[in-house]
Amino acid sequence: MHTPEAAESIAKTILIVDDVPANLEVVSRHLENHGYHAVVAQSGQEGVERAERVRPNLILLDVLMPGIDGFETCRRLKANTSTRDIPVIFMTALTDAADKLTGFEVGAVDYVTKPLDGAEVLARIDTHLSLYALRRELERQNAQLRQEIAARKQTQEALQRSNTELEQLAYVASHDMQEPLRMVASYLQLVAQRYQGKLDADADEFIGFAVDGAKRMQALINDMLAYSRVGTKARPFAPTDCEATVDMAIFDLRVAIAESGARVTRGPLPVVMADGPQLAQLFRNLLGNAIKFRGTEPPQVHIDAEAADGGWCFAVRDNGIGIAPEYFDRIFVLFQRLHARREYAGTGIGLALCKKIVERHGGRIWVESSPSAGSVFRFTIPRRDEGS
Ligand code: ADP
């Protein structure tokens with residue numbers, strides 16, 4: 001057997017099947033003269049056998065032959081897996097359109113009429129060999145694409161599995177850490193209350209550090225839990241009144257609002273299909289950040305929404321410290337913060353959580369801002385029918 005490379009460099013083999021020896025002689029000489037390798041068969045039966053043995057690149061097949069005729073020969077060639085892909089061109093004296101159609105029906109790619117025109121035969125052979133080569137190339141590329149898609153799907157599934165596992169691990173770990181940490185924090189607070197000023201100054205300071213550390217750890221664990229809950233504790237989407245949701249977020253943040261002297265307003269907001277608690281968390285985080293990252297002026301925050309193609313685009317605007325454009329993407333990545341803990345408290349999870357919530361709803365979140373000029377956090381929630 002030839003390798004494909006070797007086959008490229010050698011002459012193409014054409015099998016000619018005709019019961020008239022003189023015809024075989026003329027056609028094969030013509031083909032040989034034009035660089036083809038000709039193989040002949042004098043009957044349909046012999047043609048089928050030779051085709052299977054020689055595996056020619058193309059078959060020129062006479063229609064009217066004693067024994068099995070050209071049509072039947074073609075049927076048999078097409079029924080055999082090892083010869084069915086070889087292009088067949090009929091040589092026919094038949095002028096009847098019905099006969100030509102029969103030829104195509106049994107699997108031929110073309111026909112030439114007798115008496116044969118040498119140039120025409122060569123042109124048609126050439127065309128069909130090129131078409132065949134192109135088809136094979138397409139099939140090869142298709143098979144390769146299919147393989148690549150299957151491999152990608154496998155990788156994706158594996159990735160998804162390991163993501164889910166990681167998410168569950170993060171959830172269980174943070175959940176189980178809550179309890180012992182609560183114990184550490186409350187006993188530390190008890191020590192702080194009971195022994196404040198009774199030990200030396202160093203001890204007071206050390207206890208203060210420990211209490212602060214425990215509180216930060218609690219904040220981190222709570223945020224990690226909230227983050228992993230987006231995937232593990234998701235609720236189905238239901239009609240959610242954004243006005244009530246935002247009002248609730250404002251209520252939840254009333255202490256921070258009062259302490260900072262913030263003015264929080266909102267425009268009319270729609271009802272959307274969403275996971276209510278997640279949407280509340282989203283507004284709480286954005287509103288909380290808008291108040292936290294304030295400048296020298298008291299915070300002014302406005303929340304509104306406008307219809308955008310296929311859904312709603314929400315905006316949370318503030319007059320805070322703003323963000324330089326080079327950080328627009330980074331701030332949505334887990335644990336990415338632009339400030340030291342001493343400047344602004346935080347865990348660096350808030351915006352990553354917002355992104356995860358928005359993406360679970362099929363939307364997108366981004367920021368428009370510049371340093372000292374305030375920020376606008378925008379996110380979209382696509383329109384959805386109930387029950388979808
Ligand atoms: P955290 O608030 O815990 O730092 P986030 O993920 O919520 O974490 O935010 C990431 C970073 O994005 C913040 O540290 C801050 O630098 C920046 N940022 C977020 N919201 C605002 C805002 N409204 N104005 C200015 N900077 C912001």
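**A walk from a loop proline to the ligand**

P115 lies in the loop between β5 (110-113) and α6 (118-195); helices (H or I, at least four residues) and strands (E, at least two) are DSSP runs, numbered from the N terminus. The model is predicted: local features need pLDDT of at least 70, side-chain atom pairs count only at pLDDT 80 or more, and totals for chains, interfaces and linings use all residues. Residues are numbered from 1 along each chain as its sequence is written, and side-chain values use heavy atoms, with hydrogens and water left out.

The peptide bond that joins K114 and P115 is cis, with omega at about -5 degrees. The side chain of K114 also forms a polar contact of 3.1 Å with the side chain of D18. A polar contact is a pair of N or O atoms within 3.5 Å; within protein, one must be able to donate a hydrogen and the other to accept it, and residues adjacent in sequence count only if both atoms are side-chain atoms.

D18 is found in the loop between β1 and α2 (21-33). Is D18 buried or exposed? D18 is buried, with a relative accessible area of 1%; buried means under 20% relative accessible area, exposed over 50%, and partly exposed in between (1.4 Å probe, protein chains only). The side chain of D18 reaches the backbone nitrogen of V20 at 2.9 Å. Leaving aside neighbours within four places in sequence, D18 is in contact (heavy atoms within 4.5 Å) with residues including A41, D62 and M91.

Helix α3 (residues 44-54) has G44, G47, V48 and A51 as buried residues. These residues cover an arc of only 100 degrees around the axis, which puts them on the same side of α3; the arc is that of the directions from the helix axis to the C-beta atoms. Their cover includes β1 (13-17), β2 (37-41), β3 (58-62) and α4 (70-79). Just after α3, R55 takes a positive phi of about 50 degrees.

The ligand has 21 residues around it, of which N289, R337, T347, G348 and L351 come nearest; a residue counts here if one of its heavy atoms lies within 4 Å. An oxygen atom of the ligand is 2.8 Å from an N or O atom in the side chain of N289, and an oxygen atom of the ligand is 2.8 Å from a polar backbone atom of G348. The protein covers 98% of the 530 Å² of accessible area that the ligand has on its own; such areas come from the Shrake-Rupley method with a 1.4 Å probe, and for residues only the protein chains shown count as cover.
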